[in-house]
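Dear colleague,

I am passing on the structure we spoke about, and below it you will find a short account of what was found. Please keep it open beside this message while you read.

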Amino acid sequence: MATIAITADQVKKLREQTGAGMMECKTALTEANGDFEEANTILRKRGLASAAKKAGRTASEGLIGHRVSNDHSSGTLVEVNCESDFVARTPDFQQLLEDVLTEIEKAGDGATEAWLKNPDGPIQKLVAVKIAKLGENMAVPRFVRYAGQGYVGQYIHLGGKLGVQVEFSGVTPAISSREEFTTLVKEIAMQIAAVSPKFASRQSVPADMLEKEKAIYRAQMENSGKPDHVINKIVEGKLASFYSQVVLPDQESIRDPKMTVSQVLAAANKALGASVSVTRFARLKVGEAAQ
């Protein structure tokens, strides 16, 4: 069977579609006798093979992709890793961020951990194509998506290396457009970025974690000779200090250390005539998932 002559235009078209090199495209088209679909499949198979070869290399650079809906009812943060900061700044990588965010949005509630890791799923396929094109290992280790439960605000820090997403309850459309509220959202998100709290309220601290802390404090007092009621008071005091480290409303405000975040929220609510509170938040920093 005669081999079909492959034109430069065909090579160019396949290259634009796949991001593979000129010679790889020409070889694939030759093997596929000019059939684009077949050539695409050949390259994908090779792209995936090269992705597997590069998978052992550490991908600890990258960026946090972020997107929030116009009405702030939903938002997504996603960590996308590569090997070098140089690649993280390329238009190709920026496009990968946007494409990954779009796929998460499209999947909606179907965007789960298993969906993210599925080798035949949209995210892994997107990543494999970029690995083949850019020649670095890449990964999408985690994402956070909030939707339909409150007002979602975001704050991106360190040129995209750190992202915070925070959800508020009690926000009406009238409140959401007020400057006092948008200032509050930024302030709370910056607090989370800077101090890295773990919980949105004392109630959300797991009971076993509390018991462990109390046991440590009691053990410290074991041979003090103090009566039980005094020890209990000391334990409560130490617990308050523990809360001020890990619970967002109990933390000192980074803007005004004389106030707690709880007091900042109360002052904003008074100004707004509202009852706004933080229901949940997430803080993603590039490279943390690989540690």
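Predicted model: local features only at pLDDT ≥ 70, side-chain atom pairs only at ≥ 80, totals over all residues.

**What was found**

Q220 belongs to helix α10, which covers residues 207-221, and although Q220 and V235 are 15 residues apart in sequence, their C-alpha atoms are 9.8 Å apart in space.

Turning to the strands, you will find an open sheet of 3 strands, in the order β1-β2-β3 and with antiparallel pairing. Its edge strands are β1 (61-68) and β3 (139-147), each of which pairs on one side only, and neighbouring strands of the sheet are turned by 10 degrees against each other on average, if direction is ignored. Strand β2, made of residues 74-82, pairs with β3 in the antiparallel sense over 7 bridges, and within these two strands S74 stands opposite A147 of β3. Across β1, β2 and β3 lies helix α5 (residues 91-107), which runs at about 45 degrees to β1.

There is also a feature of the surface to look for, namely a nonpolar patch of about 210 Å² that is made by M190, V195 and I254. Of these residues, V195 lies in helix α9, which spans residues 179-195, and V195 is partly exposed, with a relative accessible area of 35%.

Methods: Residues numbered from 1 in each chain as written. Heavy atoms only, no water. Pairing = 2+ DSSP bridges. Helix = DSSP H or I, 4+ residues; strand = E, 2+ residues; numbered from the N terminus. Axes fitted to C-alpha atoms, helices over the stretch in contact; angles between N-to-C directions. Contact = heavy atoms within 4.5 Å. Patch = residues over 30% accessible without salt bridge, like charges linked within 9 Å, V, L, I, M, F, W, Y side chains within 5 Å. Areas by Shrake-Rupley, 256 points an atom, 1.4 Å probe, with all protein chains shown as cover. Salt bridge = Lys/Arg side-chain N within 4 Å of Asp/Glu carboxyl O. Buried < 20%, exposed > 50% of the residue type's maximum accessible area, 1.4 Å probe, protein only.
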